[in-house]
Amino acid sequence: MNAMTKPVIHHSALDFGLHEFEFHLSNDFFRDFGYDDFLDCSIDVAVTLQKEETLMTVTMNCNGSVVTQCDRCLSDLQLNVNATDTFIAKFEESEDEENIMYISDDESIDLSQSLYDLIIMSLPVRKVHPDDENGNSTCAPEQLKFLEQYEKHDAIDPRWEALKNLKEE
């Protein structure tokens, strides 16, 4: 396996058959996309490429972790990244098919956008500390206590309360 920094594969120099590549992604990779939500990032990517005469099958396996802020308490939150995707790269365009990338014979494949999309889509939309076995939040208790003082406990306007009763009938 080759260890590389930028996720680009120069396929024109490859023989037919199976090839393996390794990449390591850090914060700089995501900053290049204008994404700076990670406080720390360490993701190893293993790519297998099966080159054939008219197409290549590319499988990307991402494993590692990112550190970001918890959406609830704003303290550091480590999230594991385990994501896999496979696509086909064809040398000639044909009918519009899903999960197909079209490339020319003399190009290299830049996996940057595909890896970025795969990793970002594998993370939860709401990033919060998980609850413990009793259903209690594991967020920083002092932060939760601080936030409680800003919770709104407004009384419901009686006009809306009357409408709510109509719905129940």
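Predicted model: local features only at pLDDT ≥ 70, side-chain atom pairs only at ≥ 80, totals over all residues.
User: Let's start inside. Which residues touch the most other members of the largest nonpolar core?

Analyst: Those are Phe30, Ile43, Val47 and Leu111, in a core of 38 residues. Several elements give two or more residues to this core: strand 3 (17–25), helix 1 (27–31), strand 4 (40–51), strand 5 (55–69), strand 6 (76–90) and helix 2 (112–122). Strand 6 gives the most, with 6 residues.

User: And what is Leu111 in contact with, leaving aside its neighbours within four places in sequence?

Analyst: Its partners are Pro7, Ile9, Phe23, Val47, Val58, Met60 and Phe87.

User: Okay, now helices. How do I read which way a helix faces?

Analyst: Here's the general idea: an α-helix has 3.6 residues a turn, so residues three or four places apart point the same way. Now try helix 2, where the buried residues are Ser112, Leu115, Tyr116, Leu118 and Ile119. They sit on the same side of helix 2 because they cover an arc of only 165° around the axis.

User: What covers those buried residues of helix 2?

Analyst: The cover includes strand 3, helix 1, strand 4, strand 5, strand 6 and strand 8 (109–110).

User: Switching to the surface: is Trp160 buried or exposed?

Analyst: Exposed means over 50% relative accessible area. Trp160 has 57% relative accessibility, so Trp160 counts as exposed. You'll find Trp160 in helix 4 (residues 158–168).

Conventions:
Residues numbered from 1 in each chain as written. Heavy atoms only, no water. Helix = DSSP H or I, 4+ residues; strand = E, 2+ residues; numbered from the N terminus. Buried < 20%, exposed > 50% of the residue type's maximum accessible area, 1.4 Å probe, protein only. Core = buried A, V, L, I, M, F, W, Y, C linked by side-chain atoms within 4.5 Å. Contact = heavy atoms within 4.5 Å. Arc of directions from axis to C-beta.
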